[in-house]
Amino acid sequence: MSPSVSINTQSPILQAHVSRNEPHIVIDGGYPLTGSIRVAGSKNAALALIAGTLLATSGKTVLHNLPNITDIADLVAILNSMGAVAQFSDGNTTLTVDASGTRFNEPPPHLVSRMRGSLQLLGPLLARQGIVRLAMPGGCNIGARAVDLHEKGLRGLGATWTIDSGCFFAEAPFDGLQGGAVYLDKPSVGATMNTMMAASLASGVTTIENAAQEPDVVDLANLIVAMGGIVDGQGTSRITVTGVKVLHGCEFNVSPDRIEAGTYAIAAVATGGDITLIGADFNALSPVLSKLTDMGAHVATDGNHVRVWSGSVQTLTGTSIVASPHPGFPTDLQQPFTSLLALVHGTNTVHDSVYEGRFGHIPCLSKMGANIKVEGSVTIVSGVTSLSGADVKATDLRAGAALVVAGLVASGQTRIFDIHHIERGYQDLCVRLRQLGAHCWRVNVGDMDTMVME
Ligand code: UD1
């Protein structure tokens, strides 16, 4: 995580920040974001890739460009508890995994329950160990988050599946997993990934129809190929995996995080700023960038740099977004985008039926002065001329990102609590925002005498 500096806790300005004894983010709004930052590696790809390293029975897998966030640290702790040897270097952005000694099949429940990404352990552990018992994963509370498609994928390879004492229990047949035809009723990212990983070491060919097309799925397929596996069709709705007997270690670069980059792009437009995202993947970002240009913002790309700029948010035209699987508008950016729309003249709508409960940010945005109504899976956002700072709570990761965007544009001061949600997915958020000219600090208040701001 970012380095901390001690500050004078007697400062009258800061005394106002410590009335609640928990870490929080303080934002003094109204400063346009300007300058450049390098985009971190994709959180969602990295989680799957780290789980995927368990497939290698020989050699070391080296993953570069990992984001330095708590979800990654938690998953690496799980790997180490399973008998693999996983070590960070380069400021926690490189991970070297020797998975040859993996010998356990039940990841520790207290770590599994911290994130949804731990579900990605099902496929590789089943393939390697023939049996896996996984506690209920955690992650954002944004709806039911069923696992029936993970079950369907693994059953399609011959595994049995039961739920026992709150744990998922999957077991391969005596003679190992067999390739098969799997149709996913929805293009689930996680179920596509688990099926691909399990199929990579099954005998025969597996086809996954209605597969997820997200860039994170493509990254995982490319890792399996780099390990000696055979995967075709990644990035399309039909993926074919031809099982091999063994996979080996390799070196792999995690793709840039389109959700992190998209969040900064939205914040730049909301604040009337001008930022360059170094190392961003323009194509992966196009669903959100095209919406921003439709609204009157400007976007330019030069190789792997993406520049996003706009004048005042009041001059933008309204729009509607419909969150849907890739290449549709990403559900993970629906919430920060809503904060931008809150200030855009006219009536804007946001439709998100990917998850049934992804509107935790709305009460807080309303508290800041936004005019938003929720009707089923649609939010109707009537633009207001300004937002004002308030004390608010992040209810989930991307709801937290939405509050950060709102705080950056609001007049006065915003304090965001429950920031552990945000820290699961955004590397050094306040440091990076300050690099772009924002007035934004993470306040740690363990003990009044040792208060630090990062
Ligand atoms: C991943 C991402 C998450 C993102 C989501 C959709 C990770 C760690 N998280 O989550 O940030 O919002 O993709 O882009 O990579 N579903 C079922 N049955 C299942 C599985 C999923 O009905 O067995 C439903 C879900 O409830 C949801 C939809 O399918 O409505 C999409 O879920 P899925 O693509 O699986 O998301 P995750 O992999 O959990």
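Strands here are DSSP runs of E of at least two residues, and helices are runs of H or I of at least four, both numbered from the N terminus. All views show a predicted model.

**View 1. Asparagine 92 sits in the loop between strand 6 (85–89) and strand 7 (94–98).** Its phi is near 65°. That value is positive, in a residue other than glycine. Most residues other than glycine have a negative phi.

**View 2. A cis peptide bond joins histidine 326 and proline 327.** Omega is about 10°. Most peptide bonds are trans. Proline 327 belongs to the loop between strand 20 (320–323) and helix 11.

**View 3. Helix 9 (residues 258–270) packs with helix 11 (residues 331–341).** The angle is about 5°, and the axes are 9 Å apart. Angles under 35 degrees count as roughly parallel, so helix 9 and helix 11 are roughly parallel to each other. Helix 9 contributes Arg258, Ile259, Gly262, Thr263, Ile266, Val269 and Ala270. From helix 11 come Asp332, Leu333, Pro336, Phe337 and Leu340. These contact residues divide into eight nonpolar, two polar and two charged.

**View 4. The ligand is surrounded by 18 residues.** The closest are Asp148, Leu149, Ser188, Asp332 and Val354.

View 5. Taken alone, the ligand exposes 740 Å², and the protein buries 89% of that.

Definitions and conventions:
Residues numbered from 1 in each chain as written. Predicted model: local features only at pLDDT ≥ 70, side-chain atom pairs only at ≥ 80, totals over all residues. Heavy atoms only, no water. Axes fitted to C-alpha atoms, helices over the stretch in contact; angles between N-to-C directions. Parallel < 35°, antiparallel > 145°, perpendicular 65-115°, else oblique. Contact = heavy atoms within 4.5 Å. Nonpolar A, V, L, I, M, F, W, Y, C, P; charged D, E, K, R; others polar. Near = heavy atom within 4 Å. Areas by Shrake-Rupley, 256 points an atom, 1.4 Å probe, with all protein chains shown as cover.
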